[in-house]
Amino acid sequence: MLTCKEVSLLVSQSLDRRLSWRERLGVRLHLLMCEACTRFALQMRFLRTAMRRVRNDTSPADTRLSLQARERIAQALQRGR
Amino acid sequence: MEDAPQATALSPPETWLDGHGDDLFRYAYLRLGDRSEAEDLVQDTLLAALAASHRFTGRSSERTWLIGILKHKLADHWRRRAWSAPLAPPTDPDSPETDDLLETLFAVEGGDHWRMAPTAWPDPDAALEQKEFWRILTDCIAQLPPRQARAFCLRELDGLESEEMCKVLGAAPTNVWVLLHRARLRLGQCLEHRWFGRETGR
C-alpha cells in the first residue's frame, strides 16, 4: 500500500506526466480510503486551474505597469540612448 | 506564426514601452511577485534591448525577442537568489537532500501519513474572482525557494513539458518532478494559511 507521502508525489506527478496503470491504481485505492490525500488532490487540481487562469489572462490580477512606473522607465530609456 | 520572406525591422525604440511594457511587466511580475522588482526588470530589459538592437535578426517577432531578453534576466535573478545565501543553512530548501519540508509534512514514525491533514478549501472557485487572492498566490510563488519557483513558473506559466524542463534546468526528470512536488506542497501550505484560513478559521 502506498503512503500519503508517496501518493502526494504521484498526485503531483500526474500533473506533469502520464502515470502508469499500476501507479494510477495505487493512487486511486489510496484516495478511496484517505480523506487527507483526497483533499490534497483537490487542492492541486485547483492550483492547476488557478495557474491556467493566470496564463490565459482571465484572472482579475492587476498585471499592468503603473503610470508612475511607465514614466520612470521612459525617462531611464531616454537617458540610456 | 511569422514567416516573413525578409527579416522584419524593429519598431522605433520610443514605441517599445507603449507596445510591450505591459506584457513585459506581466511576465516579470507573475514570476517575481513584487511590482517594483518587476518594474526594474522591465527597465533593464528595454535598456539591454536598446544596446543589442543591432543584433535583432528579425527571425523572431519583436515581442518574442524582448521576452527572450527578459527571460535571461529572470534566470540571472533566480541564480543570484539561489547563491546569495551567505551561509548554507542547515536546511537548505533548494537542496532536496537537506530540505526538511517532507519530514515536516509527513510523519515518518506513523507510516508517512500527513502530520496535519490538508483542509477542504471552502468555495475555491470564488477565490479566483478576487484580486486579493491573486496577489497572495503571486506572493506565495515568489516566496518559493528559487529553484522551485523557477521550475514551477516554467511548468505552470510557460507550459513547458518535462523534456524541455530538463533541458532548461539541466536536471534529470525525477529531479524536475521533485522540484515541482515541493513547490506545490509549499504553495498548498501557503494558500491554506494565507487565504483559506486554517489558523484563523476564516
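This is a predicted model: local features need pLDDT of at least 70, side-chain atom pairs count only at pLDDT 80 or more; totals for chains, interfaces and linings use all residues.
**Cavities, a pocket and a helix pair**

Let's take the largest cavity. It holds about 50 Å³ of space. Which residues line it? From chain A we have A:F40 and A:Q43, and from chain B there are B:W114, B:P118, B:R184, B:L185, B:G188, B:Q189 and B:E192. The elements giving two or more residues to that lining are helix 3 of chain A and helix 9 of chain B, residues 173–194. Helix 9 of chain B has the largest share, five residues. By class, you get four nonpolar, three polar and two charged residues around the largest cavity.

Now the second largest cavity, with a volume of about 40 Å³. Lining this one are A:M51 and A:V54, plus B:L30, B:W134, B:L137, B:T138 and B:I141. Here the elements with two or more lining residues are helix 3 of chain A and helix 6 of chain B, which spans 131–143. Helix 6 of chain B gives the most, four residues. And the class count? Six nonpolar, one polar and no charged residues.

On to the largest pocket, with about 410 Å³ of space. There are 15 residues in its lining, and the closest to the pocket centre are A:V11, A:S14, A:L19, A:V27 and A:L31. Two elements of chain A put two or more residues into this lining: helix 2, at 21–33, and helix 3, at 35–55. Which helix gives the most to the lining of the largest pocket? That's helix 3 of chain A, with five residues.

Last item, a helix pair in chain B. The axes of helix 1, residues 16–32, and helix 2, residues 35–52, come within 8 Å and cross at roughly 135°. That angle is why helix 1 of chain B counts as oblique to helix 2 of chain B. The crossing is right-handed. On the helix 1 side of chain B, the contact is made by B:W16, B:L17, B:L24, B:F25, B:A28, B:Y29 and B:L32. Facing them from helix 2 of chain B are residues including B:R35, B:E37, B:E39, B:L41, B:V42, B:L46 and B:L50. By class, this contact has 13 nonpolar, no polar and three charged residues.

Notes
Residues are numbered from 1 along each chain as its sequence is written. Chains are lettered from A and ligands numbered from 1 in the order in which they are written. Side-chain values use heavy atoms; hydrogens and water are left out. On a 1 Å grid over the protein atoms alone, a cavity is a set of points where a 1.4 Å probe fits but cannot get out, and a pocket is an open set with protein on both sides within 12 Å along at least five of seven lines; lining residues have an atom within 4 Å of a point. Grid points are joined across faces, edges and corners, and a volume is the space filled by probe spheres set on the points. Axes are lines fitted to C-alpha atoms, for helices over the stretch in contact, and angles run from 0 to 180 degrees between N-to-C directions. Angles under 35 degrees count as roughly parallel, over 145 as roughly antiparallel, 65 to 115 as roughly perpendicular and the rest as oblique. A crossing is left-handed if the near helix is turned anticlockwise from the far one by less than a right angle, and right-handed if clockwise. Contact means heavy atoms within 4.5 Å. Ala, Val, Leu, Ile, Met, Phe, Trp, Tyr, Cys and Pro count as nonpolar, Asp, Glu, Lys and Arg as charged, and the others, Gly among them, as polar.
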